[in-house]
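The exercises below are to be worked with the sequence and the 3D structure at hand. Each task is followed by a solution in steps.

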Amino acid sequence: MSRVMARSLSRKKIVTNEGKMIGTLKNIVVDFETGQVVDLIVYPDPSFDTSGYRVEGDRLFINFEAVKDIKDYIIVDRYLSRK
Amino acid sequence: MIAMRTQITELFGLSVYTEKSLLVGEVEDVLIDIEGRKMESLVVGKLNQELVDIKNYKGLKIPFRIIRSIGDIVLIRHLPGAFKTGNFDDV
């Protein structure tokens, strides 16, 4: 089972499973009641096309469901990361 | 009072108390279970040396399941034996 320390994720790059760079991790939304990790909050790269993604101001939200793996990068599913 | 859905960084620095109002320490980090998509435990530092045998660790991992509530502080179950050894497997 893979586990990761939240602080080690600070400013990690988010990449789709097809190798497209989305942006940089800003924060993580969690539910204090259930302990569930809900969303990644990302600063998208200026060149990234955010259409189809959940965007609030300058931040983009990705459901944690989309996360496939976390090592040097955070890899997210290209389909699940939208909506 | 902090909303139920909030940013993980809001946890950092919160004081951790037991239900018997004893200070355990301060939240330094959160261990995330990636596949389970949940917070597995809180890494607690600045430990109260009367409660925790500090020679054993740099920090104490408090499993999420023993947390009662999170607001201005983190309130957890009072398990003095587990705090001393750092072993929460049996609780």
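**Exercise 1**

In which strand of chain A is the place of Ile41(A)?

Solution. The model is a predicted one.

Step 1. Ile41(A) belongs to strand S4 of chain A.

Step 2. The relative accessible area of Ile41(A) is 1%. Buried means under 20%, so Ile41(A) is classed as buried.

Step 3. For Arg59(A), compare sequence and space: Arg59(A) and Ile41(A) are 18 residues apart in sequence, and their C-alpha atoms are 6.4 Å apart.

**Exercise 2**

Describe the interface between chain A and chain B by its residues, its area and its elements.

Solution. 

Step 1. Count the residues: 26 of chain A are in contact with 26 of chain B.

Step 2. Take the area. About 2600 Å² is buried between chain A and chain B, and carbon and sulfur atoms give 62% of this. On the chain A side, the residues that lose the most area to chain B are Met5(A), Arg7(A) and Phe32(A), which together make up 28% of what that side buries.

Step 3. Count the polar links. Between the two chains there are 14 residue pairs in polar contact, both residues being at pLDDT 80 or more.

Step 4. Assign the chain A side to elements. Strands S1 (3–5), S3 (21–31), S4 (37–44) and S7 (67–70) of chain A each give two or more residues to the side that touches chain B. S3(A) gives the most, with five residues.

Step 5. Sort that side by class: 15 residues are nonpolar, five are polar and six are charged.

**Exercise 3**

Solution. 

Step 1. S1(A) pairs with strand S3 (residues 23–33) of chain B in the antiparallel sense, over three bridges. Within this pairing, Arg3(A) stands opposite Asp33(B) in S3(B).

Step 2. The side chain of Arg3(A) forms a salt bridge with that of Glu40(B), at 2.6 Å from N to O. The count of salt bridges between chain A and chain B is two.

Step 3. Asp33(B) has a salt bridge with Lys38(B), with the closest N and O atoms 3.2 Å apart. Asp33(B) is buried at 1% relative accessible area, whereas Lys38(B) is partly exposed at 39%.

**Exercise 4**

Which residue forms a salt bridge with Asp39(A), and which meets Lys68(A) in one?

Solution. 

Step 1. Over all chains, the whole structure has nine salt bridges. In one of them Asp39(A) is joined to Arg54(A), the closest N and O atoms being 2.8 Å apart. Asp39(A) is in strand S4 of chain A and Arg54(A) in strand S5 (residues 54–56) of chain A, so the pair ties together parts that are 15 residues apart in sequence.

Step 2. Asp39(A) is buried at 7% relative accessibility; Arg54(A), at 32%, is partly exposed.

Step 3. Lys68(A) meets Asp77(A) in a salt bridge of 3.7 Å, N to O. With a relative accessible area of 48%, Lys68(A) is partly exposed, while Asp77(A), with 14%, is buried.

Key: Residues numbered from 1 in each chain as written. Chains lettered and ligands numbered in written order. Predicted model: local features only at pLDDT ≥ 70, side-chain atom pairs only at ≥ 80, totals over all residues. Heavy atoms only, no water. Contact = heavy atoms within 4.5 Å. Buried area = accessible area lost by both parts, 1.4 Å probe. Salt bridge = Lys/Arg side-chain N within 4 Å of Asp/Glu carboxyl O. Polar contact = N/O pair within 3.5 Å; in protein donor to acceptor, adjacent residues only side chain to side chain. Helix = DSSP H or I, 4+ residues; strand = E, 2+ residues; numbered from the N terminus. Nonpolar A, V, L, I, M, F, W, Y, C, P; charged D, E, K, R; others polar. Pairing = 2+ DSSP bridges. Buried < 20%, exposed > 50% of the residue type's maximum accessible area, 1.4 Å probe, protein only.
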